[in-house]
Amino acid sequence: MAGRSELVVSFGEMLIDFVPTVAGVSLAEAPAFVKAPGGAPANVAIAVARLGGGAAFVGKLGDDEFGRMLAAILRDNGVDDGGVVFDAGARTALAFVTLRADGEREFMFYRNPSADMLLTHAELNVELIKRAAVFHYGSISLIAEPCRSAHLHAMEIAKEAGALLSYDPNLREALWPSREEARTKILSIWDQADIVKVSEVELEFLTGIDSVEDDVVMKLWRPTMKLLLVTLGDQGCKYYARDFRGAVPSYKVQQVDTTGAGDAFVGALLRRIVQDPSSLQDQKKLEEAIKFANACGAITATKKGAIPSLPTEVEVLKLMESA
């Protein structure tokens with residue numbers, strides 16, 4: 001890693017979320033919706049940039065009003081959009097998202113197919129991917145061809161160029177043909193990643209066991225990994241490295257909307273790792289990086305919407321000091 005840039009390149013989907021103007025209702029009950037830019041990989045890229053880091057996004061948008069708007073949002077937030085391509089025939093993906101009264105999120109997606117699913121390996125910005133210190137991705141880009149092949153090819157390019165591979169499956173069951181296919185395809189690239197982050201829900205989905213005990217988490221560990229993280233919402237995070245493991249509590253905040261909090265956590269952690277890659281082998285440094293990431297995620301949950309809520313480094317350090 002010595003001498004490499006600190007660039008984090010994020011690969012995958014960027015879309016428009018339509019969120020009800022009223023909280024705690026089903027999609028059918030919502031009186032109206034407001035649009036919000038979304039897509040986990042894009043959120044991660046913007047989180048890195050908001051913290052002062054170098055970030056780029058690779059993906060496909062529709063050549064439509066929404067696609068052009070999303071590309072502008074990347075640029076306005078300091079993210080290199082040199083990896084963005086536009087599809088003249090397919091629309092930018094849309095998702096209707098609501099937080100029901102029982103606290104569960106409900107999703108309805110419009111992707112049949114959307115532009116992000118149609119990215120081909122010939123459209124990849126290879127030079128940009130080769131510059132990555134970290135190449136980050138999710139699993140939604142594994143669902144359908146040709147995007148799946150483009151995703152696998154991009155991983156190969158990044159790995160060969162010396163990047164760390166970072167994977168947050170970001171499970172969206174509604175997008176997969178079946179639970180079994182989701183599990184199989186999400187795990188199909190598990191062994192290649194250096195850094196993997198899963199939520200409690202994803203841990204149970206992938207292992208079939210409703211527990212966050214070490215023996216369950218270790219079912220997802222691979223000898224090739226450098227770091228495996230399990231995020232526990234407002235309870236913080238458990239981490240597993242090659243020579244040590246532990247847990248880091250979160251910061252107590254008044255939660256308003258947890259959308260994007262996990263992406264903020266990932267972006268902040270990757271920002272710290274590219275600044276000092278030795279933190280992956282140093283428990284004290286790693287715990288400091290995770291504390292920083294926990295604070296970033298906590299702040300994001302205190303405001304509505306993912307991208308507008310992503311904090312600056314000054315805001316994160318302020319919360320850490322006050323705690």
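In which helix is Lys130 found? Select Lys130 and look at the secondary structure around it: the residue is in helix 3, which covers residues 126-130. Bear in mind during the tour that this is a predicted model.

**Stop 1: Lys130**

Keep Lys130 selected and show the surface. Its relative accessibility is 41%, so Lys130 counts as partly exposed, since that class lies between the 20% limit for buried and the 50% limit for exposed. Lys130 and Arg245 are 115 residues apart along the chain, and their C-alpha atoms are separated by 31 Å.

**Stop 2**

Colour the strands and find the open sheet with the strand order 5-4-1-8-9-10-11-12-13. The pairing in this sheet of nine strands is mixed.

Go to the two edges. Strand 5 (80-87) and strand 13 (245-248) each have a single partner strand, so one side of each is left without a neighbour in the sheet. From one strand to the next, the twist averages 15°.

Next select strand 1 (residues 8-11) together with strand 8 (residues 134-137). These two pair in the parallel sense, over four bridges. Val9 has Phe135 in strand 8 as its bridge partner.

**Stop 3**

Select residues 227-231, which form strand 11. Is this strand buried or exposed? Five of its five residues are buried, so strand 11 is largely enclosed by the rest of the structure. Turn the view to compare its faces: Leu227, Leu229 and Thr231 are buried on one side, and Leu228 and Val230 are buried on the other.

Strand 10 (residues 195-199) pairs with strand 11 in the parallel sense, over five bridges. Pick Val196 and look across to Leu228 in strand 11, which stands opposite.

Strand 12 (residues 237-241) also pairs with strand 11, here in the antiparallel sense and over five bridges. For this pair, pick Val230, which stands opposite Lys238 in strand 12. Strand 11 and strand 12 form a hairpin with five residues between the strands. In this hairpin, select Gly233, which takes a positive phi near 60°.

**Stop 4**

Select Leu269 and show what surrounds it. Setting aside neighbours within four places in sequence, Leu269 is in contact with Leu227, Leu229, Ala289, Ile290 and Ala293.

**Stop 2: helix 9 and helix 10**

Show helix 9 with helix 10, residues 313-322. Their axes come within 9 Å and cross at roughly 105°. Helix 9 is therefore roughly perpendicular to helix 10.

Display the side chains where the helices meet. Residues on the helix 9 side include Phe292, Ala295 and Ile299, and those on the helix 10 side include Val316, Leu317 and Met320. By class, this contact has nine nonpolar, no polar and four charged residues.

**Stop 6**

Strand 2 and strand 3 pair in the antiparallel sense over six bridges. In this pair, Leu15 stands opposite Gly38 in strand 3.

Finish at Asp17, which is in strand 2 (residues 15-20). Its relative accessibility is 14%, so Asp17 counts as buried. Not counting residues up to four places away in sequence, Asp17 touches Val34, Lys35, Ala36, Gly38, Ala95 and Val97.

Notes
Residues are numbered from 1 along each chain as its sequence is written. This is a predicted model: local features need pLDDT of at least 70, side-chain atom pairs count only at pLDDT 80 or more; totals for chains, interfaces and linings use all residues. Side-chain values use heavy atoms; hydrogens and water are left out. Contact means heavy atoms within 4.5 Å. Buried means under 20% relative accessible area, exposed over 50%, partly exposed in between (1.4 Å probe, protein chains only). Two strands pair if DSSP finds at least two bridges between them. Axes are lines fitted to C-alpha atoms, for helices over the stretch in contact, and angles run from 0 to 180 degrees between N-to-C directions. Angles under 35 degrees count as roughly parallel, over 145 as roughly antiparallel, 65 to 115 as roughly perpendicular and the rest as oblique. Ala, Val, Leu, Ile, Met, Phe, Trp, Tyr, Cys and Pro count as nonpolar, Asp, Glu, Lys and Arg as charged, and the others, Gly among them, as polar.
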